[in-house]
Every structure is written in C-alpha cells, then in structure tokens.
Amino acid sequence: MATFLYKLGRLAFRRRRYVALVWVALLALAGFGAASASPATSSSFSIPGTEAQKAFDLLEQRFPGGSADGATARVVFKAPEGEKVTDAANKAEVTEIVGELKSGSDQIASVADPYAANAVSKDGSTAYISVSYEVNSMELTDATREALEEAGTSAEKSGMTVEIGGDALQVMPETGAGEIVGVAIAAVVLVITFGSLIAAGLPLITALIGVGVGVSLITALANVLDLGSTTSTLAMMIGLAVGIDYALFIVSRYRAELAEGREREEAAGRAVGTAGSAVVFAGLTVVIALAGLAVVNIPMLSKMGFAAAGTVAIAVLIALTLVPALLGFAGKRVMGRKARKAADALAASEDKAEKKPNMGTRWARFVLRKPVWVLLVGVLGLGVIAVPAASLEMGLPDEGSQPKSTTQRQAYDLLSDGFGPGFNGPLLVVVDTENSSDGKTAVNRVSEEIEAIPHVVAVTPAAFNKAGDTATITVIPQDRPSSAQTEELVHSIRDAGGDIKRDTGAEVLVTGATAMNIDFSQKMNDALLPYLALVVGLAFLLLMLVFRSILVPLKAALGFLLSVVAALGAVVAVFQWGWLGSLFGVEQTGPIMSMMPIFMVGVVFGLAMDYEVFLVTRMREAYVHGESSGQAIVTGFKHGARVVTAAAVIMMAVFSGFISSSESMIKMIGFSLAIAVFFDAFVVRMAIVPAVLALLGKRAWWLPRWLDRALPNVDVEGEGLRKELTGAPEASGGDAGDERELTRV
C-alpha cells in the first residue's frame with residue numbers, strides 16, 4: 001500500500017493543476033445539486049419491530065386521512081391573576097382564536113375547541129387548543145407557522161399568557177457561532193504547530209472543501225433518500241474534524257521529509273506513502289464505526305451513519321490527492337522561516353535536536369522510567385471519572401429540556417402546572433378488535449383495566465374508526481414523559497393487554513411519542529453489545545493487519561472502552577446531575593439521550609483509532625527498521641506527539657463549537673465527543689499506551705508465525721517502499737531480529 005500511495009502522491013504533486021481543478025469542479029457540481037434540489041422534508045422516524053411502530057402503522061391503515069404522522073401544536077392560555085379562562089371575555093378571545101386557526105392555513109387537519117374538548121384545568125386558570133396538521137413539521141409552510149405564532153397576540157394584549165408547544169414550530173437547530181469559534185481555534189493551533197500561515201491554512205482549506213462536497217451531496221440527495229435535518233449537522237461535525245486531522249498528518253510528514261533534505265516531489269510522495277497509509281486505515285476504522293450503526297436497525301440512525309461515513313471517505317480522498325497537489329503550489333513556503341533555515345543547515349539542526357529533545361521525547365522517556373505509575377494514574381483517574389456512568393438513565397429529550405426562554409418550554413411548564421406533568425406526554429392505546437367476537441366489550445375492558453393501573457390520571461372515552469374494528473384511547477400519565485413511573489405504566493398497560501388478547505382476541509398496542517421514546521431506548525440498549533462486537537471486532541482485525549500484532553490492537557480496544565466509559569460518566573455528571581451545567585448552557589437536567597452510548601461508541605472509536613494508528617505506526621516503523629522496543633516508543637513520540645496533540649486539540653475545538661447549539665441533542669453530542677477525545681488522546685494514547693508498550697517490550701509486536709503468513713502485508717510502515725527506493729536489504733538491527741524469532745513461535 002505504501003508504494004501505491006507513494007506513486008499517487010507524486011502523481012498528484014506533478015499534476016497538481018488537474019487535481020485541484022477536479023476537486024473544484026466536484027465542489028461546484030455538488031453545490032449546484034444542493035442549490036437546485038427540492039427542499040428536504042423531515043426524515044420519517046420509524047423503529048421497525050417495536051410495538052409502538054406497529055400501532056402507528058395500524059393507525060395509518062385503519063384511520064385513513066387521520067394524519068397520524070402530521071405535525072401537532074398546543075396553544076396554551078393562562079388567565080391573568082384572579083381571573084379564569086372560562087370568564088366571558090377570556091372565553092370569547094380563545095373562541096375567536098380557534099376560528100382564526102381553522103381558517104389560517106390549508107394545511108390544518110383539525111383544531112379542538114378547549115371548552116368542547118374538556119381542555120380546561122380544574123381551577124379554570126389554564127386551557128389549551130390542540131391543533132393537528134396534515135403534513136409533518138418540516139413540510140409546514142412559513143405562512144402556516146406565522147399563523148400559529150400570531151395566534152393569541154390579541155389574547156396577550158388583553159392580559160392572558162399565551163405559549164405554543166408541539167413539534168409544529170420545530171425548525172433546523174441553531175448552532176450559533178460556536179462552529180466558527182471552533183474553526184478559529186483550529187487555525188490558531190495549526191499556526192502554532194507549523195509556524196507557517198500557508199502550512200496552517202492547507203488543512204483548513206482542504207477540510208472545508210471536503211465538508212462542502214459531502215454536505216452539498218447530502219443536501220442534494222436529502223429529499224430522495226429521506227434524510228433528516230440532523231444528518232448534515234453530524235456529517236459536518238465529523239467531516240470537519242477528521243478532514244483537518246488527516247491533512248495535518250500529511251503536511252506534518254511532508255515537512256519532516258523536506259527537513260531531511262529531500263526534493264519537494266519526493267517528499268510529497270513519501271509523505272503520502274507513509275502518513276497516507278495511516279490516514280487510509282484510520283479513515284477505514286471511522287467508516288466501519290459509522291456504517292456499523294446500521295446494525296441498530298433504526299433507519300434514521302443508519303442514514304446518519306452512512307452520510308457521515310461518506311463524508312469521512314471524501315476527507316481521506318482529499319488528504320491523499322488534493323493535499324499533495326496544494327503542497328506543490330505552496331512550495332517550500334509550507335515551512336516556516338526557522339524551519340527553512342534549519343533545512344538549509346541540516347547537519348547543524350540535527351546536532352541541536354540531539355542536544356535539546358522536544359517535549360514528546362522527554363515525555364516518552366519519563367513514561368519509560370515510570371511505566372507502572374503512569375499506567376495506574378491514568379487507569380484510576382479515568383475510573384473515578386467513570387463512576388457516574390453507573391447512574392446512567394436514558395431517554396429522549398422532550399420539550400421540558402428546551403431552554404426556559406423558548407415558547408415550547410414555557411408551554412410545557414404551563415401545562416404541567418395547570419393539568420399535571422403527564423399532559424405533556426399522553427399515551428395512545430390502540431385496540432385492534434378485528435379478531436374479537438365483541439369488540440365494544442373488549443374495548444370497555446381495556447379502559448377499565450387501564451383506569452385501575454397506578455400513575456394514571458385520566459382515560460378518555462374510546463373512539464372507533466368507521467369500520468368499527470379499531471379503537472383509540474388516550475391515557476394521561478401522572479408523571480412527566482421521561483420519568484421512570486411513566487415507563488412502568490407503559491409496560492403495565494402492555495402486560496394487561498396480553499391477558500385481554502388471550503381472553504377476547506383483541507390486540508392492545510401502546511404508541512404515541514412517549515411510548516416511541518421508550519421503545520427506542522430499549523432498542524438502543526439491546527443493540528449496544530452486538531454493535532460493540534461488530535465494530536470492535538472488525539477494527540481489531542484491521543489494526544492487527546496494520547501493526548502485525550495481537551496485543552497492540554487489544555490494548556487499543558480496551559483503552560478506547562475505558563475512555564468511552566469515562567466520557568459517559570462526565571456526560572451523566574453534567575447533563576443528568578447538573579454539575580457545571582450552567583457552564584455548558586444546561587438549563588434542565590434529565591435522562592441522557594438514549595442514542596448517546598451507542599453513538600459515542602461509533603464515532604469516538606473511529607476517531608480514537610486516528611491517534612492510535614498515527615502514533616503507533618511511527619513506533620512500528622522505527623521498530624521494524626531496527627530500533628529497540630523502548631527506543632521505538634521514544635521515536636514515535638518524537639515525531640508524532642506534537643501532531644497528535646494538535647489534532648486532538650483541533651477535534652476538541654470543532655466538537656466544542658456545537659455545545660452552543662440550541663438543540664439539546666446537538667449540545668450533548670458536541671460535549672460528549674469533545675470530552676471523549678480529550679480522555680482518549682491525552683490519557684489513553686499519550687499515557688496509557690506508551691506505558692503498556694514499555695511494560696510489554698518486544699512482546700508487544702508478537703504475532704504467531706502461521707497468522708503472519710496468513711495476513712496480507714499492507715506495508716503501512718513503508719518498509720517495502722524504503723527497499724524499493726534505496727535497494728537496501730531489510731533492517732536487521734535492534735529488535736527486528738527478535739521479531740522474526742517471535743513470529744516463528
């Protein structure tokens with residue numbers, strides 16, 4: 001592989017104008033496709049194989065035209081102090097607004113008068129209008145949203161408080177200026193790392209081009225492939241981070257080759273042949289981890305994973321082709337002034353380097369002296385941070401987790417105060433009486449048994465469809481949608497439904513947003529272990545192929561799991577317990593988003609392997625070329641520590657930029673990925689990994705002889721490339737001879 005990539009790098013360097021033109025053309029075509037594509041609708045959220053989804057599908061079949069997947073809204077009114085919403089003046093205002101809503105849009109399916117629908121609180125202080133639409137929230141027109149927002153303006157003038165809840169006002173999440181700040185921090189880190197504005201600008205330019213191509217393609221295909229609004233956000237987040245990192249690895253190696261006195265084209269070829277090999281395999285681990293999200297069998301999550309994986313693949317291609325092409329345009333200006341002077345006086349700079357080792361070298365030597373202590377401090381430190389993960393409670397965020405300044409959150413609070421927390425998450429019970437001899441009797445029994453279950457506030461009368469073979473019953477829980485009591489209530493209704501089906505033949509199904517969230521969380525929990533086995537297993541085989549070792553990939557996987565559990569502990573402490581919540585803009589604590597653990601495993605595993613591959617490949621390269629196992633660790637840190645540190649800081653800056661998002665899901669994802677990268681890069685890869693390798697010594701690179709023969713030689717460390725370029729025999733110094741002995745075991 002190294003030889004092929006070496007030739008590719010030289011070709012891209014020589015034909016830099018054509019390569020640059022191709023990528024600019026691709027960006028223009030993707031941009032044109034995105035601009036001319038029809039607006040995307042919201043991705044249909046489905047959970048195949050769950051009871052909630054089965055009930056939802058049954059509703060669409062038995063209640064045609066019922067707009068089961070349509071947007072909903074609740075216009076909530078609170079009377080002024082000392083008044084009631086049933087007072088004549090207030091009632092007239094609300095009734096007038098009901099009429100305005102009915103005539104305000106042709107997308108309206110139904111508007112329920114609160115006085116006819118019993119939607120007035122017992123104390124008369126609060127009432128709400130239920131609004132249903134024929135289309136989902138992303139298909140609502142601006143005029144429809146404006147009509148909803150303007151409803152109640154006159155009521156506010158008369159003194160009533162009016163707030164609007166529901167998904168009808170849902171729009172694309174606002175991420176603010178956080179991403180711009182993240183990119184700015186990345187630029188500063190690159191300038192400090194390279195000491196050259198041109199070298200710093202290259203990774204940023206190529207990453208932005210890659211993200212531009214990827215996100216534009218997603219936008220162009222969003223309507224055709226039914227991609228959700230968060231799909232492009234995830235792709236941008238991941239693509240920007242890895243795009244900068246991969247380009248950083250190539251540029252850093254190119255500068256090192258120039259510093260050794262090589263010609264520019266040769267330096268570009270060698271940079272792509274060596275660092276490019278690490279980029280390919282690091283990118284493969286990210287793609288595997290993201291594409292592996294498909295095993296969860298939730299279409300929305302699968303599409304997010306595939307879209308992000310495609311953006312990562314584009315970032316790899318750009319690093320291998322566009323980066324060496326732009327290096328050709330940059331010339332030696334990619335080196336800072338000091339570095340250029342050092343390259344002109346190579347011998348003197350080598351003497352100076354020997355006298356003054358860099359920070360990476362000094363840290364590696366410290367770890368070699370105290371490997372046990374470094375290992376204990378790293379493992380115990382992450383273990384302590386991971387403790388809160390034992391209290392992890394999972395669910396999906398509702399409007400109660402929105403910022404207090406939003407009308408959705410204020411409507412949520414008004415409903416909770418006036419009617420009880422359960423009114424924000426009603427359960428919809430669907431009774432299929434097609435196979436029942438007496439459907440009405442069966443439905444009556446369902447209502448009676450539900451009323452007898454604890455934590456139930458109200459049960460509405462059953463509503464049958466025209467055919468009379470299906471009925472719906474709305475159940476109001478006592479507690480908020482995300483509470484454990486509400487989850488127990490859902491399971492209790494389903495348990496009672498099993499007995500009813502045996503006795504009457506009627507099938508009882510529980511659905512609604514709350515039940516869908518519960519089923520979604522359960523499905524995520526069930527898929528976690530299979531997903532871990534698939535992703536970690538495939539990546540283990542990939543890393544074994546790269547490093548020609550069993551213990552190094554095993555250590556990489558275990559270290560990753562430790563960093564992920566520690567990151568989960570930090571997420572629980574901030575978003576569930578509220579520790580330092582105000583610092584990160586967390587206004588409402590609650591359960592952790594149910595997709596967070598599996599999502600973090602998928603994304604962070606791929607990103608963590610970037611550092612593992614880049615850092616340990618340098619060690620492996622030094623070891624194969626004749627250095628002792630201990631000296632190989634020092635060499636790996638000498639050349640790689642600064643780059644890995646810069647890459648980690650850049651990733652943290654990019655991910656941290658999304659913490660400013662107004663969307664709680666995006667905020668939580670940004671925080672979790674940033675803290676996970678911190679733990680994995682600076683504690684696991686920079687401390688635990690060299691400590692473990694120091695303790696293992698040459699045994700770290702052991703591979704059974706039969707397995708060594710069976711595995712193809714991908715030559716990531718560039719041994720074959722070096723032999724081809726120099727015609728020199730294989731290095732036999734240091735532990736290289738020991739390695740050949742070990743492979744015969």
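**Rings, helices and loops in a predicted model**

User: Over which ring does the charged end of Arg-16 sit?

Analyst: This is a predicted model, in which local features need pLDDT of at least 70 and side-chain atom pairs count only at pLDDT 80 or more, while totals for chains, interfaces and linings use all residues. Residues are numbered from 1 along each chain as its sequence is written, and side-chain values use heavy atoms, with hydrogens and water left out. A charge sits over a ring if NZ of Lys or CZ of Arg is within 6 Å of the ring centre and within 35 degrees of the ring normal. The charged end of Arg-16 lies 5.1 Å from the centre of such a ring, which belongs to Phe-13.

User: Which residue joins Phe-419 and Phe-423 in a cluster of ring pairs?

Analyst: Rings of Phe, Tyr and Trp (its six-membered ring) pair if their centres lie within 6.5 Å; planes under 30 degrees apart count as stacked, over 60 as edge-to-face and the rest as tilted. The whole structure holds nine aromatic pairs, among them the tilted pair of Phe-419 and Phe-423, with 4.9 Å between centres and 40° between planes. Ring pairs also bring a tyrosine into the cluster with these two, namely Tyr-128.

User: How many helices and strands does the protein have?

Analyst: Helices (H or I, at least four residues) and strands (E, at least two) are DSSP runs, numbered from the N terminus. Counted this way, the secondary structure comes to 26 helices and eleven strands.

User: What percentage of the residues in the protein is buried?

Analyst: The protein has 745 residues in total. Of these, the buried share is 55%.

User: Is helix 3 parallel or oblique to helix 19?

Analyst: Helix 3 (residues 51-62) packs against helix 19 (residues 513-547) at about 140°, with the axes 8 Å apart. Axes are lines fitted to C-alpha atoms, for helices over the stretch in contact, and angles run from 0 to 180 degrees between N-to-C directions. Angles under 35 degrees count as roughly parallel, over 145 as roughly antiparallel, 65 to 115 as roughly perpendicular and the rest as oblique. Helix 3 is therefore classed, relative to helix 19, as oblique.

User: Which residues of helix 19 meet Glu-51, Ala-52 and Gln-53?

Analyst: Contact means heavy atoms within 4.5 Å. Glu-51, Ala-52 and Gln-53 are the helix 3 side of this meeting, and the helix 19 side is made up of Ala-515, Met-516 and Asp-519.

User: Why does Arg-62 count as buried?

Analyst: Arg-62 is in helix 3. Beyond its neighbours within four places in sequence, Arg-62 contacts Asp-432, Glu-434, Asn-465, Asp-469 and Thr-470. Arg-62 counts as buried because its relative accessibility is 13%.

User: What is the relative accessibility of Val-430?

Analyst: Val-430 belongs to strand 6 (residues 427-432). Not counting residues up to four places away in sequence, Val-430 touches several others, including Ala-55, Leu-58 and Leu-59. Val-430 counts as buried, with a relative accessibility of 0%.

User: Where is His-455, which has a positive phi?

Analyst: Most residues other than glycine have a negative phi, and most peptide bonds are trans. Phi of His-455 is near 70°, and at 31% relative accessibility the residue is partly exposed. His-455 is found in the loop between helix 17 (439-451) and strand 7 (456-459).

User: And what is phi of Arg-548?

Analyst: Arg-548 sits in the loop between helix 19 and helix 20 (551-576). At 7% relative accessibility, Arg-548 is buried. Its phi is positive, near 50°.

User: What separates the C-alpha atoms of Lys-332 and Arg-264?

Analyst: Lys-332 is in the loop between helix 11 (299-330) and helix 12 (337-344), and at 51% relative accessibility Lys-332 counts as exposed. Along the chain, Lys-332 and Arg-264 are 68 residues apart. Their C-alpha atoms are separated by 7.8 Å.

Note on methods: Buried means under 20% relative accessible area, exposed over 50%, partly exposed in between (1.4 Å probe, protein chains only).
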